[in-house]
Amino acid sequence: MSQRHRLAQGGRIDRTRRLTFTFNGRSYEGHPGDTLASALLANGVTLVARSWKYHRPRGIVACGVEEPNAVVQLETGARTVPNARATEVELYEGLVASSVNCWPGPELDLMAAARLFSRLMPAGFYYKTFMWPKGLWMKYEHYIRKASGLGHSPTEPDPDAYDKMNAHCDVLVAGGGPAGLAAALAAGKAGARVILADQQAEFGGTLLSLRETAIDGIPAAQWAGQAVQRLSAMANVRLLARSTVFGYHDENFLTIAQRRTDHLPPGERSGARERTWRVRAKQVVLATGALERPLVFGDNDLPGVMLASAVSCFTNRHGVRLGGRAVVFTNNDGAYAAALDLHAAGVEVAAVVDARPAPEGALPRLVRDAGIEVVQGAVVTRARGAKRLTGAHVMALDEGGERVHGPVRTIDCDLLAMSGGWSPAVHLHAQSNGRPRYDEARACFVPGASNQAQRSAGACNGRFDLESCLAEGAASGLEAARLACAAALPVAPRHSVSPATREEPLRPLWLVPATQPPGHGAKQFVDPQNDVAASDILLAAREGYRSIEHVKRYTALGFGTDQGKLGNINGMAILAQALGQTIAETGTTTFRPNYTPVTFGAIAGPDLGELFEPVRKTAMHAWHEENGALFENVGQWKRPWYFPRAGEDLHSAVNRECLAARTGVGIMDASTLGKIDIKGPDAATFLNLVYTNAWSKLAVGRCRYGIMLDENGMVMDDGVTTRLGENHFLMTTTTGGAARVMAWLERWLQTEWPHFKVYLTSVTDHLATAAVVGPKSRDVLRAACTDIDFSPEAFPFMSYREGTVAGVHAIVTRISFSGELAYEVNVCANLGRHVWNALIEAGKPFGITPYGTEAMHVLRAEKGFIIVGQDTDGSVTPVDLGMDWIIGKGKDFIGRRSLHRSDTRREDRKQLVGLLTEDPKTVLPEGGQVVKDASAPVPVPMEGHVTSSYFSAFLDRSIALALVKGGAKRHGEEVQVPLADGRVLRATIAPPVFVDAEGARQNV
Amino acid sequence: MSERILQQAPLAHVSARPGAAVAPVTALRYFENGLRGHINLRGDPTDARFAAAAERALGAALPTAANTTRIAGDIIVYWLGPDEWLAVTPGEREQEVVNALRSGLDGVHSSVTPVTGGQTVLVLRGTHARDLLAKGCPFDLHSPGFRPGACAQTHLAKAGVLLRPLGDDGMEIIVRRSFADYLYKWLETAAAEYGWVHATGEAPESRAHLANAQNTVT
Amino acid sequence: MLIIPCPWCGPREQTEFAYGGEAHIVRPKDPDALSDEQWGDYVFMRRNPKGRLLEQWAHAFGCRRWFNVERDTVSYAITRVYKPGEPAPEEAR
Ligand SMILES: [Zn+2]
């Protein structure tokens, strides 16, 4: 289909190439250089959406990020993008898009019936109806969700990759329009490390839409191109196009979303789709430009009503013929340029309607010279038309700006370019902890004092003429470079602009007076994306709302995906008027990151799937994989969970593994336990303080189990520590607690007891550890190691020896987490696999069986050995665990005093007990609540909960550990554990040790 | 029992994959300099006996300026903290250096702890080495002071690392054993756009380069 | 996100650090001499000022040293850092 609204010439588009795209199922053509919006307009598609609440027909209003209406669903399937702004979507071959918010399409919208009820949906509609009556909430919600639904998110996994890049620079320039380019040129030339980011594909901003203006004697767009060339040639400057600075955080930390492939056809995309730049800048220049304000008049949302700047942009930059007959409605000089641009493009301009009584500036004069009528002291009170603009009602405006009067003149037109002035994009300034202030003279919010190392330049600082923008940009860039590099620098370059662009002041016009009272005539939209009209804000004021933040939430003003970039300032001013206060007193809502929507992909970056968290592996990991292990996550570690043989499930494999350890020999990879080398003359004194028990008298060569408390008296870690020498210990910690314990111990040493002569070194990763467990473990060790005497007398329980295992040096400890005869062999991890292989080989005659964490848990639970973090939860003392024996007397230790607080002495604290189910085959669920009588009236008093629960093959029955109120004195009592499915399991409280309470098995 | 002793560097399973012996210079080449001796040393550098004994055993004075290295022949000593250093030695010299340190430091409050099995040395070579690391490292890798002779402990993605710049196009990364596989996968993924080449053998750490690095230490 | 000047390594990103809460909480010499309430004060009670706070940080991914930071809880501005054992700035205590 031909581009029948394409101008015969002009525009920054490549007319030699045609791109085919599909919108709402129909095929169109455009050119490289088009956005989806400009291509649609070139094809005469003006109705692109339906509004979300009233389903009114909507067209394209703006040409950039502030576009509220042309919100589309881009592509389909896994790559679909919801709520893309057509004004930002670069056209590519094969692009597929559809309107959101209407079904089956904007031309025939079956949901438009909602308009008939619009009067029933005033401001606060949700709030009022959803609060009461209660039952209706569900009904309304269903209806609203269906009717409103902006875009839909993809249901398949995102096939694209994303990444992140950290960067450091002297000067970050946000925005590549005239001020930004001038700033980057000045800072770059001064030698500073510069990053210049702009959200568009092409640098230049508004320069790309200017028709006749020249900078330094060359056309503005060409000047921008040359500036980019000069910047590209500087090694110290990094240019980021298609990159939106979306967040400004503490200490000049800014985040930038760079779109790397979205402009390409899906088949031609490669590499990361988006890159999030995380920039630390010494100095920041904000050159984010300004957003043009719409005017608030009746039916101002009709397709064909457009911002004046968008009219210039589509006409000059994209070569689009936007209409046949145009009216320009303005309160300032700037919009006259649109009239001239249209005129030059051959579009008839019926009139410029100017709210000011006597506009006499340079641009109005040029317009009059072109033979275009200027209707001064007048306003457009209402747009006419159904699905498309057909005319405008024009009336005179009184001096006070509060009333319209005189006859209504109807001007036929299919395009209305409007301008209510400009609002600086102060978003990043505000995010940087700046506070925008209202500038009465310029009728806009401008940046206030800087609270970080940043400055605003150009239109975002309220400079609306090009010459000032360039001058302020250059000066700011140079100043930023000077501060960042602490060097004396040359003076900023001056840029000349012709023709001169001095403008007369605007006449603030926030709400165009109507002939009927608000709420009765045509709707005057403030925030088109949320269908918020002036009447909604006035209603909120009448109902007593005073704070702009409350009005925002009551009316939904500024809540859309555009975050009210178009309408917020008008809304605030209308509220101020209604409340009889100044705009400065009313203030703005908070500008929060992100400036524009950011994909979840860009936020997640590459940290997904197997890179989401570090997967820590032991030196024997490959062996476990080769031997069919299933793995369990323990902290960041992958530990073998169990080693199923053919046909085995978890239950049967674990039963086999447990019986092997109890009756023969098993082997487990214990490398993940934290290991800390502790050295120094005060090492034993230090251990006395960090463990509850005493260490001074532990003989060299012996091991001891210890429990570590926090100062609140609660168990935080446990493990076995070995005395390698008089001043030398090797501590083990839990797998998950290793880093925490290391930091904890260092903290005490560095901050509380710096006089202690103790050095700590983590050897967790250095030592690979194989636990050989079971009655036949001694036989295996004897086979693998010939220079250690393994006889019970020479190498007793809880002691260590050094020797040679499989030809390499090893530290062998005789400790047990299973209650069986057991040894742990520690070697340099480079030799871990070698020694493991050798132990497996040596164990073959004895049927050595590898086992995983599940069997380890069963074995330790049979013995009543706790797992910190499973049987404890930060609220459990050693007394609660029945471990009074480990609490040293006559010495201080961390947490000791807390054990004597009134609360920790309570007899009805939850205490560790065993639970034996009535039915020995039933395994209680971990986390199950323990009660006396499940049939008691709700709420049933909770007595405690199950912490560990397994089936013990050795005992041929289930066992469980639980924390039960006063449990230590309740052995023999029957309790109940109600299940989610309604069943109630019965169990008896028992001592928490189920196997070999005397400890005979490990002492052989 | 097998007499052959199998030693495995943390990324031995990666190194075992077929690699490119010759890589284009533009690409990013990765090497593992595995099975080095790694010795953690702690002590008080203001204690003259400690400083002298360490210098005797290592062949050079300990670097006491934060985040610097010192090279003594085939030993590289890294500053890790005000009372902590790492000495990386050829694998076969580890025991000898440990013994020399321990005997020299007898009676001096100190700690000489081998951590050989606990970490490994990766080397990246290529013009994009720093760009690659910047994807996951918040440290300013391009700062003027970060040149041969310097080192920095920071994090790369979610793994703690010790970095040592090797000129403009090279970086040494020391990482803990258990994180090495994760870090390798992260590097390989992040490097796709730069042309990742998994090179065989060890990094070309020429003597000339070491000398150069040493000269820049002040 | 903060930039924290480690007294040994210089300014580094916050992601390299671990937070340790209020600084200068001295462990009582004789815990048994304290009432439950006094001991509870030591274990649990912390200042929560709007303004300057002295706090502990550790350079966890760096030199592993703990140190003290004077930081404003409103502006997040770090006004000084000092090593353990060095005196606290009087005016901020
Ligand atoms: Zn540090």
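Reader: In chain B, what share of contacts between residues at least 6 apart in sequence joins residues at least 24 apart?
Author: The share is 65%. Contact here means heavy atoms within 4.5 Å. The model is predicted: local features need pLDDT of at least 70, side-chain atom pairs count only at pLDDT 80 or more, and totals for chains, interfaces and linings use all residues. Residues are numbered from 1 along each chain as its sequence is written, chains are lettered from A and ligands numbered from 1 in the order in which they are written, and side-chain values use heavy atoms, with hydrogens and water left out.

Reader: What else describes chain B, in helices and strands?
Author: Chain B has six helices and 11 strands. Both are DSSP runs, numbered from the N terminus: helices are H or I with at least four residues, strands are E with at least two. Of its 218 residues, 60% count as buried. Chain B exposes about 8200 Å², and carbon and sulfur atoms supply 53% of that area. The areas come from the Shrake-Rupley method with a 1.4 Å probe; for residues, only the protein chains shown count as cover.

Reader: Why is T853(A) called buried?
Author: Buried means under 20% relative accessible area, exposed means over 50%, and partly exposed lies in between (1.4 Å probe, protein chains only). T853(A) has 2%, so it counts as buried. The residue belongs to helix α22 (residues 853-862) of chain A. Neighbours within four places in sequence aside, T853(A) touches E632(A), R639(A), P640(A) and W641(A).

Reader: Is L35(B) buried or partly exposed?
Author: L35(B) has a relative accessible area of 34%, so it is partly exposed. Its phi is also positive, near 55 degrees, and L35(B) is not glycine. The residue is in the loop between β1 (28-33) and β2 (37-43) of chain B.

Reader: What makes the link between K282(A) and D170(A) a salt bridge?
Author: The term asks for a side-chain nitrogen of Lys or Arg within 4 Å of a carboxyl oxygen of Asp or Glu. Here N and O are 3.2 Å apart, and the pair counts as a salt bridge. The partners are 112 residues apart: K282(A) is in strand β15 (residues 274-286) and D170(A) in strand β8 (residues 162-174) of chain A. At 46%, K282(A) is partly exposed. At 7%, D170(A) is buried.

Reader: How many salt bridges does the structure hold over all chains?
Author: There are 74. One of them joins R280(A) and E13(C) at 2.5 Å, N to O. This pair crosses between chains, from strand β15 of chain A to strand β2 (residues 10-13) of chain C. Both R280(A) and E13(C) are buried.

Reader: How far apart are the closest N and O atoms of R65(C) and D83(B)?
Author: They are 3.4 Å apart, in a salt bridge. It crosses from the loop between β4 and β5 of chain C to the loop between β4 (75-81) and β5 (84-89) of chain B. R65(C) and D83(B) are both buried. Elsewhere, shared partners join R56(A), R58(A), D299(A), D301(A), R382(A) and D531(A) into one network of salt bridges.

Reader: How do you know that β4 and β5 of chain C pair?
Author: Pairing needs at least two bridges found by DSSP. Strand β4 (residues 52-58) and strand β5 (residues 66-72) of chain C have seven, in the antiparallel sense. They therefore count as paired. R52(C) stands opposite D72(C) in β5(C).

Reader: Which order do the strands of that open sheet take in chain C?
Author: The order of the four strands is β3-β4-β5-β6, with antiparallel pairing. β3 (18-22) and β6 (78-82) are at the edges, because each has a single partner strand; one side of each is left without a neighbour in the sheet. On average, neighbouring strands are turned by 30 degrees against each other, direction ignored.

Note on methods. Axes are lines fitted to C-alpha atoms, for helices over the stretch in contact, and angles run from 0 to 180 degrees between N-to-C directions.
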